[in-house]
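Below is a short report on selected local features of one structure. It covers backbone geometry, a metal site and a helix pair.

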Amino acid sequence: MMTGLNKTLIKQTFITLVLVVLASAQSRGQGESLDGREGRNLAIGNFRPKPTLKVRQTALEKALFPVVDVHTHFRYRFKHDLGKLDEYVELMDKHNIAVCCSLDGKLGDTLDTHLEYLGTKYPSRFVVFANVDWQGEGDQDNPSSWACHQPGFAEKTARQLQLAVGHGVSGLKLFKQFGLSYKNPDGSWMKIDDPRWDPIWKACGQLGIPVIIHTADPIAFFRPIDETNERWEELFRHPEWSFPPDKYPSRELLLQARNRVIERHPETIFIGAHMANSSEDLMTVAGWLDKYPNLYVEFASRIGELGRQPYTARQFFLKYSDRILFGTDGPWPELRLTYYWRFLETYDEYFPYSEKEFPPQGFWRIYGIGLPPRVLRQIYYENACRIIPGVKSKVSNYRR
Ligand SMILES: [Zn+2]
């Protein structure tokens with residue numbers, strides 16, 4: 001039986017525990033009171049500084065030249081809603097976006113549904129990239145049941161891709177799960193440069209379609225979530241975006257494996273999505289572009305990173321103007337598009353890179369890199385016309 005003294009002790013311990021939890025919640029910034037007012041401390045999640053800087057703000061309502069957005073997700077974001085598609089095409093007209101590449105085509109019947117969604121009403125405004133169906137009908141939790149681990153998978157995928165190109169598909173997109181989440185039957189990570197996939201990369205070269213590949217993620221996502229992480233605030237809101245080294249393959253190993261694939265398949269064009277996922281380190285990206293003539297990059301969702309290093313970024317864009325493609329990761333709200341135009345076309349200073357109230361990819365603002373018209377043309381549409389089948393005729397049609 002519990003004595004009165006014991007009961008009191010338990011009660012007191014419980015109260016102390018609750019107080020400790022409350023205090024630590026407050027120190028983590030979850031407490032309402034850390035608002036920075038009247039001498040109180042300020043939690044980083046409550047910090048909303050409004051710049052007092054007075055500098056030129058260029059109101060750009062559209063891009064200077066027709067744009068090909070090579071990185072969009074129309075299936076994922078619009079879920080085949082026709083009304084949303086109509087609205088976005090209106091926005092494309094307004095902002096001078098000639099063509100969008102939807103990277104969510106998938107393969108087989110689902111691919112045809114997506115081609116129909118985008119192509120029926122707007123045959124000259126979209127191209128579609130297919131995706132490899134690694135898991136097939138297999139059980140998600142049991143990799144040995146996945147399609148990709150059955151004999152002849154890559155050859156079968158190559159044949160499906162050939163059919164897909166016959167249906168009008170313009171490229172192949174690989175998502176970051178390829179490298180960061182897919183497993184082999186023995187529980188090891190599926191390797192990006194596993195020779196089993198070689199027939200797929202080879203087929204893309206033979207079919208003349210580029211492979212846009214998202215490998216790894218920003219450096220900060222592979223670092224511990226602590227007070228030294230410059231994207232702490234974002235990782236605090238999205239802990240699932242963190243890839244700690246004890247649980248995931250390292251960023252360096254993933255990028256090296258991707259590069260070995262690019263090197264082994266010089267006849268295939270690869271587009272490194274999100275600035276080959278090294279926008280924090282353009283010197284390294286430059287080295288890759290020098291080494292692999294079949295590599296291109298696009299900068300979807302990376303103006304936040306590029307725009308905080310405007311001198312380096314400008315030099316990079318001038319030097320590699322024939323290897324860089326325009327991408328957004330959209331469809332996005334209109335305001336986000338205007339930030340892309342301002343980043344590329346103006347010398348505006350210290351402006352947001354996102355319409356969101358709190359900067360979603362690092363707590364900073366960006367600077368424009370004022371590219372000359374010759375380079376803007378290449379990045380906005382000329383490079384895409386050269387390497388993505390179907391784009392050139394659509395752009396000429398748009399300009400007429
Ligand atoms: Zn994307």
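Ala 216 has a relative accessible area of 1%, which is under the 20% cut-off, so Ala 216 counts as buried. The model is a predicted one. Ala 216 sits in the loop that runs between β5 (211-213) and α8 (232-237). Its phi is near 60 degrees, a positive value in a residue other than glycine.

Asn 277 also has a positive phi, of about 50 degrees, although Asn 277 is not a glycine. The loop between α10 (273-276) and α11 (282-291) holds Asn 277. With a relative accessibility of 1%, Asn 277 counts as buried. For most residues other than glycine, phi is negative.

## A cis peptide bond

Most peptide bonds are trans. The bond joining Gly 330 and Pro 331 is cis, with omega about 5 degrees. Pro 331 belongs to the loop between β8 (324-325) and α14 (334-345).

## The zinc site

Which residues are the protein donors of the zinc ion? They are His 71 through NE2, His 73 through NE2 and Asp 329 through OD. These donors lie 2.0 to 2.2 Å from the zinc ion. Along the chain, the donors of the zinc ion follow the spacing H-x1-H-x255-D.

Distant parts of the chain are linked by the pair His 73 and Asp 329, which are 256 residues apart. His 73 is in the loop between β1 (67-72) and α2 (74-78), while Asp 329 is in the loop between β8 and α14.

## Helices α15 and α16

Helix α15 covers residues 373-387 and helix α16 covers residues 391-399. Their axes come within 7 Å and cross at roughly 140 degrees. Angles over 145 degrees count as roughly antiparallel and those of 65 to 115 degrees as roughly perpendicular, so α15 and α16 are oblique to each other.

On the α15 side, the contact is made by Tyr 381, Ala 384 and Cys 385. These meet Val 391, Lys 392, Val 395 and Arg 399 in α16. By class, the contact of α15 with α16 has five nonpolar and two charged residues, and no polar ones.

Key:
Residues are numbered from 1 along each chain as its sequence is written. This is a predicted model: local features need pLDDT of at least 70, side-chain atom pairs count only at pLDDT 80 or more; totals for chains, interfaces and linings use all residues. Side-chain values use heavy atoms; hydrogens and water are left out. Axes are lines fitted to C-alpha atoms, for helices over the stretch in contact, and angles run from 0 to 180 degrees between N-to-C directions. Helices (H or I, at least four residues) and strands (E, at least two) are DSSP runs, numbered from the N terminus. Angles under 35 degrees count as roughly parallel, over 145 as roughly antiparallel, 65 to 115 as roughly perpendicular and the rest as oblique. Contact means heavy atoms within 4.5 Å. Ala, Val, Leu, Ile, Met, Phe, Trp, Tyr, Cys and Pro count as nonpolar, Asp, Glu, Lys and Arg as charged, and the others, Gly among them, as polar. Buried means under 20% relative accessible area, exposed over 50%, partly exposed in between (1.4 Å probe, protein chains only). Donors are N, O and S atoms within 2.8 Å of the metal (3.2 Å for Na, K and Ca); water is not among the atoms, so sites may look incomplete.
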